[in-house]
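Dear colleague,

Please find below the structure that I am handing over to you. My findings follow it.

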Amino acid sequence: MESILLFVLPFVSLAAFLGWRYITSQSRSSKQHDSNEKGVLDEIDPYQDIEPLPDFDWKTTPPIKNAPLKPVYHLTMALENIPLSSLIDMDNTYLTRLHTRREIMTTHPTATIACTPCVPAVNELYTWLIKTYLPKRFPTIYIPTPTGGDILNTASSEIIPSVPPPDPTQALKVLGSHIDTDFLLLLPSSQSAKDGSPIYHLEAFVTCFPSGFSTRAKLSCPLAEIHAPVPGYTAKLEKSMDRFFARIECGRCVKRSNWSLTTNDLLFSEGGNHLYENGSTDYDAPHPNDNDDAKQNLSTEEQILRQKASVHIPSCRLRSERQTLFRLPQTQALVFAFKTYQYRLEEVKEFGDGYAERLAEAMEGLGKGNVPEMEFYKRGVVWRERVVEFLRS
Ligand code: HEM
């Protein structure tokens, strides 16, 4: 009997193993099949197949130099494909940033978080980020707890619930409190009159670091209206952006970066970073400084002269956003996410490798590209002379 068992057992084990492999491969390929019907690019599930950074230490990782410096500024989408794994970037500013984000969300609750009734998309983003993306990508920071599957944030020593809070604004707040990235969700809420293709509108956001615009004023707006203040957008970008948003496939992730020069160090800024035709620096609401100037009936030139006189180099920051865009597979919502970097001008000079000169050239090139009005819009007419002189000194 024993010898029969010894003979049969390996075959039974092998058969069981092959059976298990067959069943799991069938269930995997049926998942792939489902996903492909929704437009997933690859065989594997890109939302699950996140490449881990097993040795990542946020405390010893310096921030990347993110600004895309070009000698001539052209208004383009300038998108680059990246793996979904690279969605979030982290560095040694993480914990300080979490504190800043929480403070800003407390002092400006309605400016930083809002949501139309698009709960399923918020829940999908929350669940995927908290349960899948973060613990898989950064296993040294976000660790599943042994019971219940909640996540321990080892940097803040807090537990993040893996199930989204019932109130979507609370869910967005948790994301904003544990990830140094702003998230905006867009859904196809209207259609193009011309070809009937979907037009994406902003439906939910947690945005702690808006750079000179009011996110809440853009809630429910289509992409074109969101970009209304940007000179040249209608002529140079609108059509290709709408087409791109309508077609971006599940599993694909794209990245772009921008840069600007701010004359203050404020991370949360609903106005003040751009210049408009009447000399105002606020598109959505009157800015306190504008009111003073308006009261004194100052002309645009006079307002620019005033602003120029108050440029103070130590307060200036090179500011840059690392922006990403991808689609959620279930709700098909688009997620636009950005992390904000700030660099002091002294620090920029210390980067070496000709960085300060390249920045100075990029500043001089703002008005030389396909939309020369960008120099005015980005307030180059206010800060360029002083800042370029400093960078070259
Ligand atoms: C792939 C997607 C996107 C592209 C290619 C894009 C492109 C641009 C460009 C070229 C500008 C001018 C300044 C700069 O170079 O950044 C701009 C500004 C802006 N974008 Fe977008 N955008 C995208 C998505 C979005 C989304 C989804 C939102 C909000 C829901 C948004 C909000 C804004 C705002 C508020 C500005 C004005 C602020 C500024 O000029 O610094 N963008 N965008």
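Which residue is the only protein donor of the iron atom of the ligand? In this predicted model, the donor is His227, which reaches the iron atom through NE2 at 2.0 Å. His227 is found in the loop that separates α6 (223-226) from α7 (233-236).

I turn next to the sheet. Seven strands, in the order β1-β8-β9-β10-β6-β7-β2, make up an open sheet with antiparallel pairing. Its edges are formed by β1 (80-82) and β2 (113-115), each of which pairs on one side only. From one strand to the next, the twist averages 35°.

Helix α2 (residues 94-107) packs on it and touches β2, β6 (182-191), β7 and β10 (334-344). The direction of α2 makes about 115° with that of β10. Helix α4 (residues 119-137) lies across β2, β6, β7, β9 (317-327) and β10, and runs at about 145° to β6.

On one side, β9 is joined to β8 (residues 253-262) by 10 bridges, the two strands running antiparallel; here Ser257 stands opposite Arg322 of β9. The pairing of β9 with β10 is also antiparallel and extends over 11 bridges, with Phe326 opposite Val335 of β10. The hairpin of β9 and β10 has 6 residues between the strands, and Gln332 takes a positive phi near 65° in it.

How many of the residues of β9 are buried? The count is 11 of 11, and the strand is mostly covered. In a regular strand, side chains alternate between the two faces of the sheet. In β9, both faces are covered. One side carries Arg317, Arg319, Glu321, Gln323, Leu325 and Arg327, and the other carries Leu318, Ser320, Arg322, Thr324 and Phe326; all of these are buried.

In brief, the points I would draw to your attention are the iron donor His227, the open antiparallel sheet of 7 strands and the burial of β9 on both faces.

With kind regards

Note on methods:
Residues numbered from 1 in each chain as written. Predicted model: local features only at pLDDT ≥ 70, side-chain atom pairs only at ≥ 80, totals over all residues. Heavy atoms only, no water. Pairing = 2+ DSSP bridges. Helix = DSSP H or I, 4+ residues; strand = E, 2+ residues; numbered from the N terminus. Axes fitted to C-alpha atoms, helices over the stretch in contact; angles between N-to-C directions. Contact = heavy atoms within 4.5 Å. Buried < 20%, exposed > 50% of the residue type's maximum accessible area, 1.4 Å probe, protein only. Donors = N, O, S within 2.8 Å, 3.2 Å for Na, K, Ca; no water.
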